[in-house]
Amino acid sequence: MRRLSSPWSELASHYAVVVVGSGYGGAITASRLARAGQQVCVLERGRELLPGDYPRTDAEFMSEFQVHFDPEAAADVGSPTALFELHRGGDVSVVTGCGLGGTSLINANVAMRPDPRVFLDGCWPDAFRADVDGLLEDGFAWAEHMLRPLPYPESAPPLATLSALAKSAEKLGGTFRRPPLAVTFEEGVNAAGVRQGACTLCGDCMTGCNFGAKNSVLMNYLPDAHRHGAKLFTEVGVRYLARDGARWRVYYRPMNAGRERFDAPDLWLTADRVILAAGTMGTAELLLRSKALGLSLSGRLGQRFSNNGDVMAFGYNTDVPVHGVGLGEAPSAGREPVGPTITGIIDDRATLRQEDGMIIENGAIPAALARPVTALLAAASAIAGQDTDRGAIDRVGELARIADSAVRGPYHGAMRNTQTFLVMSHDDGAGELRLSGDRARVYWPGAGRQAVFTRVDERLRRATEALGGTFVRNPLWNKLTGHELLCTHPLGGCAMGERAEEGVVDHEGRVFAGPEGTEVHEGLYVSDGSVIPRPLGINPLLTISAVAERTVALMARRHGWSVDYSPVPEAPGPRPTQPLAVQFTETMYGYISAGADEDFLRAGDPARRDTSPFRFIVTVDSRDLEETLAHPLHPMQLSGCVVAPVLSSRPMTVEQGVLHLMTHEGARPGGRRMRYQLPLVSESGERFFVDGYKDIHDDDGPDLWVDTTRLLVSIYRGEDASGPCIFRGYLRLNAKDFAVQLSTLRVLHAQGTVQRLAALARFGRFFFGELFETYVRSKAA
C-alpha cells in the first residue's frame, strides 16, 4: 500500500477546504469533496501507520499509548501522537484512536444499522427525520459499498469464542447471529482500488491490523481522497478556529518537532470552508477553545454527550475453551484461530421500549494486551468476581486453570477459557463535555449508576453463568470510582438541532452562529460522531459514516458541486521506502532596525533606541539526507514562524523557507556560508522576505562559536529579495537554546536503531567535518 501523507512542512497558507481529522467523517468528506473537484487539505494530529506498523507486544503497545489525566493539572503521559488515547479525569473515561484513519484503526469492525426506532426520536431535526429514506439511506448504501461489511463466513474455520457466545444466547433467549464486519475475508481489490489481504483470524483488530484486512478508512476513503487530489498532512494538531473576513483561520501546532521546548506560538493557515471531524472529544474540545477565544456558538456546545451505553466485562475462567486472546501473528500449527475481534452478537433490541434493548458481542483481547490483562483479571476475579457455579471439584479445576495461565501464559488455562463481552445499549445521553484546563472532560455525575447498566450487569452475569465462569465487571465500575464508565463509542457534544437553542449544528452539519436562532457560520461544518444527538444502541461506525455521506452530499448540492461516484481501477503499487531525513528545531533572536544601509551589527545593536526585537522558531528538515549532502548547496527546508512586532502584531508564518547548509556559494575563500531564506506571510496578508547568513570563516582569534551562532539578516518587503530592504540587524543563539536544539534532533523514516544512529553519524560527519576543514585544516595548511 502507498503512503498517503505529507509532512506538515509542506502545508500551504490557504486551501479551499480544510478537513480536521481523518476518521469516518473526515475521510468521507475528503473523498467526496476531492471527487467534486475541490482543493482539499486534511489535517491529522496522529501519524500514518501502515500494516506491519501496529503493536504486537505489550512493550510496543505502551509506546503507542497516551493518557490524559486531570485536565487542570495538564498531567499527560505518552506521546501526543500515540495510537491509543485515553481521556481520564472526568466522570467517564473515553478511549479513542489517534492516527491517519482515526478510531477506525482500532475499532472492532462491526458495521450494523441501528434499530429504525432510533431515527424516530424527536431529538433529530425534522428535516433529518424526513430524509431517513432519502439521502440518509443513500449514505448507508454508499458507506456499505466502500466499507464492504460481511458476516464471518460460514465456510471459515469454526471459532470457539463464537460457539461460547451461542451457548450464552441459549440461556439468555436473545437472537444469536453473525453481524456484518468491515473486514476483508478474501484477498482482492476494494472499491477504492486498494489491494487488501485476507483476514488471518489473528484476533488483533483492536490494536491495528498488520495484514491489511481491516477495512479502516485508511484502506478505502482516504486513499480515494488522495487519489483524487486531496492533500493529507499528519502530525498537525489543530488548536482553534477564528473567523477572518470571508475565510476561516485555522491555528495548529506541529507535533513531535520539539517546537514546544522553545514556547513557540501556534502556526496558522486559512480556508474558505472548514469541516471539523476530529471525533467527539476532539471536535468539541476544538470548538470549546474557539468559543473561549471569542467565536460565537450555541450554548448547547458540549451537551447531549452519550457513551452509547458501552459496557465491557468478562466471563473469566469458564468451563469451556474460548480462545479469545489475539495471537500477534497469523495462527500457526497448534494455535486455534481467534477470528476478528467480534464475530457474533446476541441481539436483544426487540424490546417494547427501545431504551431497554441492547447488543451483547463477543470480543478478543489483543496479543499486545494479553499479559497485563491476564494479571488484571486474575486479581479482579479474586477481589470482586462472582463465581457462577459451585462445587469443590469445579473449584479445584478453576484454581488449576488460574495457575496454568500464570505459569504458561495467556494462551493456556483460565485465559484460554475467558470470554470478553462488549455491550452497546441506551444511556440517558445527559453527559456534558466541558473545557477544563486545556482539555475537554466529561462531566456526568452518576452516569454509571443509571438503571440500564444494572440491567446490562445482570444479563452479562447470566451469559457467564451459561459457560460456568466467574463474572468480572470492568474494574473501573465499582463503588470506589463512583461506577466510572469506560467509553469506546463517544457520541454527541455537537449535537444536531432545529435551532441553536436545541443543538450545535443543523441537520446539514452547519455550525450555528450564536446562542439563538437558525443562522449558521458560513463555511463551517461538523461531520463526525459528535453530531449524533442520542445513543444508537449499536456500534456507531456505519451510522456515523452514513450521516457523513449525507452531510457532504447536501454540502455539494448547496454549492452546486457534482460528486463523481465512478469506480476506479486498482491503484499503483507501493512507493519505494521513504528516504532517511534529519529534522531539528532551532530558534534565534535579536534586533533589527530601519538602517537598511548600515552595517548589520550596528543596525542590530540592542543599545539603539530605534531597534525592534525579532525572533524565529523554525523546524529544519532535510527531506532526503543523502540528496541534501550530495547537492552543492546542501538545501534543507525551513518551516515555522517569526515574531517581529515591527512587522506584525501577530506571529507570521514561514512559507517554504530554505536553509543552505555549509555551502561555498557566497562564502569568503576558505570559508563556508549558512544561508537562511524565510518567506513570511502575516495574518493580514502582508508578505516579507528574510535573507540571512552565517559567515563561517576562520578569522583571528577564537571565532567558531560566534560564527555558527550569529545570523546577519536583511528584511525585504514582498515575496523575495527583489523588493525594498526595510530592516537589517542580527540574531544570536545562546548555549541553553543550542542544547535544546540538539535535543530536538531526530531521524525520520529509519528502520530501527542501527539505521537511525548511522544517519545521525552521517549528518554529524558532514557538519562537523566542514567546521574542521574551515577552522583546523585550513589553519594547519
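Analyst: Helices (H or I, at least four residues) and strands (E, at least two) are DSSP runs, numbered from the N terminus. The model is a predicted one, in which local features need pLDDT of at least 70 and side-chain atom pairs pLDDT 80 or more, while totals for chains, interfaces and linings use all residues. Residues are numbered from 1 along each chain as its sequence is written, and side-chain values use heavy atoms, without hydrogens and water.

User: Which residues of α8 are buried?

Analyst: Buried means under 20% relative accessible area, exposed over 50%, and partly exposed in between (1.4 Å probe, protein chains only). In α8, the buried ones are Ala-370, Val-373, Thr-374, Leu-377, Ala-380 and Ser-381. They lie on the same side of α8, because their arc around the axis is only 145 degrees; the arc is that of the directions from the helix axis to the C-beta atoms. Arg-371, Ala-382 and Ile-383, on the other side of α8, are exposed.

User: How is a pair of aromatic rings described?

Analyst: By the distance of the centres and the angle of the planes. Rings of Phe, Tyr and Trp (its six-membered ring) pair if their centres lie within 6.5 Å; planes under 30 degrees apart are stacked, over 60 edge-to-face, and the rest tilted. The whole structure has 16 aromatic pairs. One of them is Phe-119 with Phe-140, an edge-to-face pair at 6.4 Å centre to centre with 65 degrees between the planes. Phe-119 lies in the loop between β7 (92-97) and α3 (126-129) and Phe-140 in helix α4 (residues 135-147), so the pair ties together parts that are 21 residues apart in sequence. Phe-119 is buried at 7% relative accessible area, and Phe-140 is buried at 4%. With Trp-124 and Phe-128, these two residues form one aromatic cluster.

User: Where do Asn-109 and Arg-623 lie?

Analyst: Both are examples of backbone angles to check. Asn-109 is in the loop between β7 and α3, with phi near 75 degrees, a positive value in a residue other than glycine. Asn-109 is buried, at 2% relative accessible area. Arg-623 is in the loop between β27 (612-621) and α14 (625-630), and has a positive phi of about 65 degrees although not a glycine. Arg-623 counts as partly exposed, at 36%.

User: What radius of gyration does the chain have?

Analyst: The radius is taken over C-alpha atoms, and the globule rule is 2.2 Å times the number of residues to the power 0.38. A compact globule of 781 residues would come near 28 Å; the chain has 29 Å, which agrees. The C-alpha trace spans about 90 × 60 × 55 Å along its principal axes. Of the 781 residues, 60% count as buried. The chain comes to 17 helices and 34 strands.
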